[in-house]
Amino acid sequence: MPTPPEGEGRMLEWYRHSQRNAITAGLGAFVIIALGITLLQGLDPSWMSAWWMWLIVATGSLVVYASFRAVECAVGAEWLKVGKAWVRLYELTEIKAKHRSNAIHLDFKDSAGRVVMVKSDDLQEDRDVWDLVYNGILHSVIAGGAETNSMVHSAFQVPRPESWKG
């Protein structure tokens with residue numbers, strides 16, 4: 001279980017992909033890699049007789065499995081921690097959403113210059129984690145004037161500050 005950043009309040013929620021999800025992803029990668037090699041060989045399955053090719057397939061699968069199990073997101077009332085990096089959620093100065101590989105990633109920077117980069121799915125898998133993070137995003141954008149890009153607003157329905165003027 002992750003620990004809170006030094007000097008910060010207690011952890012309220014944390015999330016890590018389940019063992020089942022990681023195994024499923026690893027097995028899926030195994031099949032996709034094997035099919036990919038077969039297609040690259042012109043549908044010739046003779047590559048399967050080389051033991052070292054199976055080592056490549058297995059290594060790729062283990063990398064995918066490990067990447068699913070490696071990410072731990074922890075959140076407190078005012079902070080988000082991903083791995084060893086953390087930010088204060090109500091002091092965010094920059095919030096950027098970017099497409100990286102097959103997912104949308106969120107890049108956070110707080111007033112102390114700390115940076116966290118995390119796949120949005122890793123936050124949204126656990127509803128309580130996402131609620132706490134989203135509240136910090138809203139506060140930082142609306143009350144704090146955090147710098148954002150258009151994907152933050154379109155992908156996560158974060159209102160633009162000008163829409164809150166009353």
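Modeller: Phe-30, Val-31, Leu-35, Met-48 and Trp-54 make a nonpolar surface patch of about 420 Å². Patches are built from residues with over 30% relative accessible area and no salt bridge, with nonpolar side chains (Val, Leu, Ile, Met, Phe, Trp, Tyr) joined within 5 Å and like charges within 9 Å, and the accessible areas come from the Shrake-Rupley method with a 1.4 Å probe, only the protein chains shown counting as cover for residues. The model is a predicted one, in which local features need pLDDT of at least 70 and side-chain atom pairs count only at pLDDT 80 or more, whereas totals for chains, interfaces and linings use all residues. Residues are numbered from 1 along each chain as its sequence is written, and side-chain values use heavy atoms, with hydrogens and water left out.

Within the patch, helix α1 (residues 19–40) gives the most, with three residues; helices here are DSSP runs of H or I of at least four residues, strands are runs of E of at least two, and both are numbered from the N terminus. Met-48 lies in the loop between α1 and α2 (51–70), and Met-48 is partly exposed at 36% relative accessibility, where buried means under 20% relative accessible area, exposed over 50% and partly exposed in between (1.4 Å probe, protein chains only).

Turning to the charged pairs, a salt bridge is a side-chain nitrogen of Lys or Arg within 4 Å of a carboxyl oxygen of Asp or Glu, and by this rule the count comes to eight. Side chains of opposite charge can pair when their charged atoms come close. Between Lys-98 and Asp-107 the closest N and O atoms of the salt bridge are 3.5 Å apart; Lys-98 is partly exposed, at 35% relative accessible area, whereas Asp-107 is buried at 9%. Asp-110 and Arg-114 form another salt bridge, their closest N and O atoms being 2.9 Å apart, and here Asp-110 is buried at 1% relative accessibility while Arg-114 is partly exposed at 25%.

In helix α4 (residues 127–142), Arg-127 and Asp-131 are separated by about one helical turn because they are four residues apart, and their side chains meet in a salt bridge with an N to O distance of 3.4 Å. Arg-127 is exposed, with 57% relative accessibility, and Asp-131 is partly exposed, with 31%. Finally, a network of salt bridges links Glu-8, Glu-78, Arg-88 and Glu-91.
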